[in-house]
Amino acid sequence: MLDAGMDKLISLKEFTDASNGYLVNDDCVVGAEVFVCKEKRAAKAEFLSMSYYSFTYKHVWNVENFSKLDAKLDSEPFTVGNKKWKIVLHPKGESHGKGTHISLFLALAEPEILPPRSKTCAEFSLRIVYPMNSKTNHCQKGTTRKG
Ligand SMILES: *[C@@H]1O[C@H](CO)[C@@H](O)[C@H](O)[C@H]1NC(C)=O
């Protein structure tokens, strides 16, 4: 699996309703937190503790001119744990959310440079951030494994 995320993060109706505060002057902010697991497989008990992760990173992405966006937009790549990641935004929805929801995914920015059969294990959360304050909503947590 090269990317993971959620095809129905938030309905377009709710997102574009100005009174909800997600979209301000046609701009919005997407936040991603990525925790890359250690190379060696950890014991189960270790999984829930932060010592399981060797790298954590928080990325904030400002998206401008939302209403003018095409079907898909990639964030600038950011590095976590020696790999480049990106956030992929589908402003008009993808898969089950097509036409009705905003879809947000986390993907490897350069999957082609990974050695064959390599594994990447990462936990992540993706969210639409209120631009005006730190209150967040519509958080998606997940795990992605490649290989
Ligand atoms: C957003 O739209 C404004 C006005 O059309 C333009 O000046 C600006 O460069 C756009 N920003 C981006 C990131 O495309």
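Predicted model: local features only at pLDDT ≥ 70, side-chain atom pairs only at ≥ 80, totals over all residues.

Tutor: Residues are numbered from 1 along each chain as its sequence is written, and side-chain values use heavy atoms, with hydrogens and water left out.

Student: Which residues are around the ligand?

Tutor: A residue is near a molecule if one of its heavy atoms lies within 4 Å of it. By that rule, the residues around the ligand are Glu64, Asn65 and Lys68.

Student: How far is a polar side-chain atom of Asn65 from an oxygen atom of the ligand?

Tutor: A polar contact is a pair of N or O atoms within 3.5 Å. Glu64 has a polar side-chain atom 3.1 Å from a nitrogen atom of the ligand. For Asn65 and the ligand oxygen, the distance is 2.4 Å.

Student: How many salt bridges does a search of the whole structure find?

Tutor: Side chains of opposite charge can pair when their charged atoms come close. A salt bridge is counted when a side-chain nitrogen of Lys or Arg is within 4 Å of a carboxyl oxygen of Asp or Glu. Over the whole structure, the number found is five.

Student: Are Arg127 and Glu33 buried or exposed?

Tutor: Their side chains meet in a salt bridge at 3.7 Å, N to O. The pair links distant parts of the chain, with Arg127 in strand E8 and Glu33 in strand E2, 94 residues apart; strands are DSSP runs of at least two residues, numbered from the N terminus. Buried means under 20% relative accessible area, exposed over 50%, and partly exposed in between (1.4 Å probe, protein chains only). Both Arg127 and Glu33 are buried.

Student: Why does Lys86 count as buried?

Tutor: Lys86 meets Asp74 in a salt bridge at 3.0 Å, N to O. Asp74 counts as partly exposed because its relative accessibility is 32%. Lys86 counts as buried because its relative accessibility is 18%.

Conventions: Polar contact = N/O pair within 3.5 Å; in protein donor to acceptor, adjacent residues only side chain to side chain. Helix = DSSP H or I, 4+ residues; strand = E, 2+ residues; numbered from the N terminus.
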